[in-house]
Amino acid sequence: MRWSQGPGELFTFAVADAFGGGGQTYWGPKTFTEGPHYLTGVVLSLAGLAAWKVRTWLVWGLGLATLGTALFSLGKYAAWINWPFFQYFPFFDAFRGPEMWLSITALALIVLAGIGLDYALRRDETQSRRQRQQTDPRQRPILIAFGVVFAVVGLVWLAPNTVLDFEKPNEEQRIRQALLRQNPNVSPQNPKVQQAVRQQVRKLKQQRRGAFSTDAQRTLLFLALAAGALVLYRRRTLPAWGRG
C-alpha cells in the first residue's frame with residue numbers, strides 16, 4: 001500500500017496547496033503526486049449541509065460511501081480496515097494504490113453538494129418577505145455548514161505549524177546527500193554543511209507556508225462569498241436561480 005493517502009492530506013479537499021500541490025512542490029508523505037485531490041471548501045460545506053439536513057436513503061448511502069472510500073484511501077494509515085479487505089475480499093486488491101479510492105470519495109461529495117445546493121435554494125414562495133426573514137428555517141443551517149468549514153480552515157491558516165510541518169519526510173537527509181555529491185571532498189560533519197542544510201530546509205518551509213496561506217485565504221474568501229450569496233438569495237435579495 002505504497003500510495004496511501006496521508007490522513008492530513010485529506011485537508012487538500014478544502015485547500016489545494018496544503019501539501020504543496022503536485023510535482024516538485026509537493027512535500028507530503030508519498031514519493032510524489034501529480035496533484036492534490038481538491039474539491040473546494042464550498043463543495044464540502046454544501047455536502048455537509050446535505051448530510052445534516054436532507055434525510056433520504058440516497059444521502060445516507062452517499063455519506064457511507066464517502067466515509068468508507070476515504071478510509072480505504074488511507075491504506076496503511078488505516079490498516080485495521082484495509083488489511084482484512086485486501087486479504088479476504090475478491091478484487092479489492094485491484095486498488096493497489098489506495099488513494100485511487102478518493103475518486104469515488106470526490107464523486108460522492110460532489111453529488112452530496114448538489115443535493116445540499118438544492119436544499120439551500122428551495123424556498124416557500126407563498127410566504128411574505130417579512131415572514132421569510134423571521135421564520136426561514138434554512139438560513140441558520142446554511143450558515144452553520146459554511147461556518148464549520150470556515151472555522152477549520154481559518155484555524156489552520158492562523159496556526160499552520162500546529163497541524164502542518166511543511167517538511168517532506170527525510171528532507172534534511174536528501175538535501176545533505178545532494179550537497180555532498182556536489183562537494184565530495186567535504187565532510188558530512190562540516191558545520192557549513194549542516195548550516196547549508198538547515199538554511200535550505202528553512203527556505204523551502206517558508207515558501208510552502210506562503211503558498212498554503214495564500215490558498216487558505218482564497219478558500220476563506222469563497223466560503224464567505226458563497227454563504228453570503230445563499231443567505232441573500234433566501235431573503236429574496238438575489239433573483240430566484242433555483243425556482244421551479
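In the predicted model, D215 and R218 form a salt bridge whose closest N and O atoms are 2.6 Å apart, a salt bridge being a side-chain nitrogen of Lys or Arg within 4 Å of a carboxyl oxygen of Asp or Glu. Both residues lie in helix α8, three residues apart, about one turn of the helix; helices here are DSSP runs of H or I with at least four residues, numbered from the N terminus. D215 is buried, with a relative accessible area of 5%, whereas R218 is partly exposed at 39%, where buried means under 20% relative accessible area, exposed over 50% and partly exposed in between, for a 1.4 Å probe and protein chains only. Residues are numbered from 1 along each chain as its sequence is written. Because the model is predicted, local features need pLDDT of at least 70 and side-chain atom pairs count only at pLDDT 80 or more, while totals for chains, interfaces and linings use all residues, and side-chain values use heavy atoms, with hydrogens and water left out.

A search of the whole structure finds seven salt bridges. One of them joins R234 to D136, with the closest N and O atoms 2.8 Å apart; R234 lies in helix α8 and D136 in the loop between α5 (129-135) and α6 (139-158), so that the pair ties together parts 98 residues apart in sequence. R234 counts as buried at 4% relative accessibility, and D136 is likewise buried, with a relative accessible area of 14%. In a further salt bridge, between E167 and K205, the closest N and O atoms are 3.8 Å apart. This pair links distant parts of the chain, with E167 in the loop between α6 and α7 (171-182) and K205 in helix α8, 38 residues apart. E167 is partly exposed, with a relative accessible area of 23%, and K205 is partly exposed, with a value of 23%.

G41, V42, S45 and L46 in α1 meet T219, F222, L223, A226 and L230 in α8, contact meaning heavy atoms within 4.5 Å. The residues of this contact divide into six nonpolar, three polar and no charged, with Ala, Val, Leu, Ile, Met, Phe, Trp, Tyr, Cys and Pro counted as nonpolar, Asp, Glu, Lys and Arg as charged, and the others, Gly among them, as polar.

The largest nonpolar core has 43 residues, and those with the most contacts inside it are V15, F146, V153 and F212; such a core is a set of buried Ala, Val, Leu, Ile, Met, Phe, Trp, Tyr and Cys residues joined through side-chain atoms within 4.5 Å. The elements giving two or more residues to this core are α1, α2 (57-73), α4 (102-121), α6 and α8, and the largest share, 10 residues, comes from α4. When neighbours within four places in sequence are left aside, F212 is in contact with F11, V15, D17, A18, V156, W157, P160, L164 and F166.
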